[in-house]
Amino acid sequence: MKNLDILINELTLWSSIGPKQGQRLAIEFIKNKKETLNKLNKLSNLINEIKLCNVCNLFYEGKECSNCKLEKQVLYIIENFNDYFKIYNYLQNQDLKFFNLNFNKKSDYLNNIFLNNIILRLTKLLQDNENVTKISFFTPPSLESELIIKVFKKELKKIFNDRKFLFTKIKIGVPKDLSISYLNIDTIQYIFNNQEEI
C-alpha cells in the first residue's frame, strides 16, 4: 500500500524511530484516526508557539527570549540542547543565563564557518548584557572543548578589550568525553561548585 509505506517512511525519518516502531505508530495512527489528528493539530499549535532564539540558541515563548533578558553576572556556555535540559531540569529553581553552542558532533568543533557564527552570536549576547562579568564553560572535558575554550577566550578578549571577563571551566568531576546530559544531580551540583579559572 503506497500511502501506508510513505507514512511509515516519514515516521522513521524522525529521530530515534526505527522501521518497526514506525510501522507500529502508523498502525496506531490509522486505527485511531480522529484522536491522532486532534493530537497532531495540538502538537502543531504548540510547535508554532515555541521559538528558537537566534542569539543564545535556546527555546522561548512570547515576544522575546527570556534567557537573553536575564540580568546575570555569570554566563554558562553549554554544548547542546541535551545538556541544557539536563541542567534546567535539575536546577529549575535557579535563574541561570545560558549560551548554547549547539555542538552535536565532533566535526562541529572544526567547522570554521560554524565557529565564526557562534562567536558572532556570543558577541551580540555580551554586547546586550553588559552585566556579564564571568563566562563559565560548562562543557565536558575533551581535547575539542579545550581548543574551543582557548579560541573563544582569545577572540572575546580581542573583541571586548575594554571589558574584563573571568573565564572558568569544569575543574573535576566529569570523566573525559562524557556528555553533561549523562550526569546525575549530585555531580551537576558538584561541578557547578568546583570550577577553575582559566
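Predicted model: local features only at pLDDT ≥ 70, side-chain atom pairs only at ≥ 80, totals over all residues.
**View 1. Aromatic rings gather into a cluster.** Welcome to the aromatic side of this structure, which holds nine aromatic pairs. Ring pairs join F59, Y76, F81, Y84, F85, Y88, F98 and F138 into a cluster. A pair of aromatic rings is described by how far apart the centres are and by the angle of the planes.

**View 2. Y76 meets F138 edge-to-face.** The ring centres of Y76 and F138 are 6.0 Å apart and the planes stand at 85°, so this pair is edge-to-face. Y76 belongs to strand β3 (residues 74-78), while F138 sits in the loop between β5 (134-137) and α7 (143-159), so the pair ties together parts that are 62 residues apart in sequence. Both Y76 and F138 are buried.

View 3. Y84 comes from helix α5 (residues 81-90) and F98 from strand β4 (residues 97-100); the two are 14 residues apart, and their pair links distant parts of the chain. Both Y84 and F98 are buried.

**View 4. Two further details, at R163 and N57.** Look for the charged end of R163, which sits over the ring of F160, 5.3 Å from the ring centre. Then turn to N57, found in the loop between β1 (50-52) and β2 (59-61). N57 has a positive phi of about 65°, although it is not a glycine. Is N57 buried or exposed? With a relative accessible area of 10%, N57 is buried, because buried means under 20%.

Conventions: Residues numbered from 1 in each chain as written. Heavy atoms only, no water. Phe/Tyr/Trp six-rings, centres within 6.5 Å; stacked < 30°, edge-to-face > 60°. Helix = DSSP H or I, 4+ residues; strand = E, 2+ residues; numbered from the N terminus. Buried < 20%, exposed > 50% of the residue type's maximum accessible area, 1.4 Å probe, protein only. Lys NZ or Arg CZ within 6 Å of the ring centre and 35° of its normal.
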